[in-house]
Protein chains: 2
Amino acid sequence: MKLRVDLLPYGGYSDTVLVVDILRATTTAVAYLERGAAALLLTSTPEAALSLRDTVNAAGEVTRNERYLLGGERGGLPMPGFDFGNSPVEAAGQNFTGREVVMNTTNGTAAAHIAARSGKHVLLAGLVNAHAATRRARALAVEEIAIVCSGTDQRVSLEDVYAAGVLAEYLLAMGEFTVDDGARIALTLRRNLGNPLEALSSSSHGVTLERLGLGEDVRWAARISESTVVPTLVVPTLDAQADLRDVLKFVAG
Amino acid sequence: MKLRVDLLPYGGYSDTVLVVDILRATTTAVAYLERGAAALLLTSTPEAALSLRDTVNAAGEVTRNERYLLGGERGGLPMPGFDFGNSPVEAAGQNFTGREVVMNTTNGTAAAHIAARSGKHVLLAGLVNAHAATRRARALAVEEIAIVCSGTDQRVSLEDVYAAGVLAEYLLAMGEFTVDDGARIALTLRRNLGNPLEALSSSSHGVTLERLGLGEDVRWAARISESTVVPTLVVPTLDAQADLRDVLKFVAG
């Protein structure tokens, strides 16, 4: 079995993919499903998220589909018209039973879309579901597990690479893998940058979130295996609604 | 002063750039200049390299300009029509006095072209000229030094990131810098992956070169500060020959 860690989303995934955007999209995704959301819908743009929820008639009146709640951010901050930011702490304080959360974030949703182009199985992973996500990946994979770091604005993020190293360590505990340069870099960070909170807090993105008053989210994201929920991509059916064609649907697995 | 390490060439460089393709383009570049080459000309394609040296007349006869020698590789191996591969060991056994070496390689020349789009000062660095290259960068830079890892086929290479960590350590010894996530990743690798030969030999690219019978090149590239030559980009003048417009010219600095 091959273990591949992509420090940025490169594409070309043939088997099982773990998408990591630990600060904060994949961490928050776990929280939504933990709090009862029926599904997560990842759109490629904020506009696509808004148009899923809101229908505008000829008179310009907006009808809101109460099935959907919108969560997302740009530059760490909530977006206009969205119901929630991208905060796992905020999500953990809500009840989403019977609702679907439409997510659009700066980096994580883009990485998931790249993974979904070719991956057979696409899972969202953070530290909060690290054990469950790696066990699921190991059970699904035939040839290769790719851990894909989302990065920040197309640059490598230390916190994602560190988290990939944690996931890689659990996978190596489960069996033999050949590892690539990316996996070796991630494992080296994981083994030498201290505990998860130290590593996440020291990252550029961690410092930014702290400055925005979102330090609690960083502490939340640094907790290991608090959840057994693994957001799992549902392969779209041919008869899917037209407005869901470009949307990735994840359910709790 | 800012220290930025790009694990792949992202572009957007505003000040001084150290381009690293330690296996083997930037290591070989130092060897060519050490052995007397008047200049290095980095072309963006192999065809551009060939057309610099060879003129074909209407009858299809080739006239060769003896001023130029061609060095390059694809997949680690020499290219048809080229005079040399991309081997620092091969280069060190030759005398290039009075000649200009036209280089085209898989990753390093592409990285240099990206750096040259916006960088004020562009230098080629390996471990073999690590002290000289970092001292030069420190002397030239006003706001930022960017160390740019070339990678392999657009994926992050462990050996380049490790080498960037060595260069970053020397820079930190010279003065205060604010460092980004990339620099912290590079420094972590440098401090935890053993000595240069251990790190380079364990990289995916190092293993490939060994398998191709080019292990001596890996050992050559792992030697620190054997040379004080720093290949330095010459800013093209407006009256440059037309056939040199897309070519980057480096001289010994």
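These are my notebook entries on a few spots I looked up in this predicted model.

**Entry 1: helix 9 of chain A**

I started with helix 9 of chain A, residues 204-211, and asked which of its residues are buried. I found H205(A), G206(A) and L209(A) on that list. They span an arc of only 100° around the axis, so they sit on the same side of helix 9 of chain A. Next I looked up what covers them: the cover includes helix 6 (158-174), helix 8 (196-202) and helix 10 (215-221) of chain A. I also checked what comes after helix 9 of chain A, and noted G213(A), with a positive phi near 80°.

**Entry 2: two helices in chain B**

Then I moved to chain B. How do helix 5 (residues 130-140) and helix 6 (residues 158-174) of chain B pack? Their axes are 9 Å apart, and the angle is about 50°. I noted the crossing of helix 5 of chain B past helix 6 of chain B as right-handed.

For the contact itself, I wrote down A130(B), H131(B), T134(B), R135(B) and R138(B) from helix 5 of chain B. They meet L167(B), Y170(B), L171(B) and M174(B) of helix 6 of chain B. I sorted the residues of this contact into 5 nonpolar, 2 polar and 2 charged.

Is N86(A) buried or exposed? Its relative accessible area is 3%, which is under 20%, so N86(A) is buried. Leaving aside neighbours within four places in sequence, its contacts include R24(A), A25(A), T28(A) and M103(A).

S225(A) has phi near 55° and lies in the loop between helix 10 and strand 12 (231-233) of chain A. Its relative accessible area is 25%, so I put S225(A) down as partly exposed. D153(B) has a phi of about 50° and lies in the loop between strand 10 (144-149) and helix 6 of chain B. With 54% relative accessibility, D153(B) counts as exposed.

Note on methods:
Residues numbered from 1 in each chain as written. Chains lettered and ligands numbered in written order. Predicted model: local features only at pLDDT ≥ 70, side-chain atom pairs only at ≥ 80, totals over all residues. Heavy atoms only, no water. Buried < 20%, exposed > 50% of the residue type's maximum accessible area, 1.4 Å probe, protein only. Helix = DSSP H or I, 4+ residues; strand = E, 2+ residues; numbered from the N terminus. Arc of directions from axis to C-beta. Contact = heavy atoms within 4.5 Å. Axes fitted to C-alpha atoms, helices over the stretch in contact; angles between N-to-C directions. Left-handed = near helix turned anticlockwise from the far one by under 90°. Nonpolar A, V, L, I, M, F, W, Y, C, P; charged D, E, K, R; others polar.
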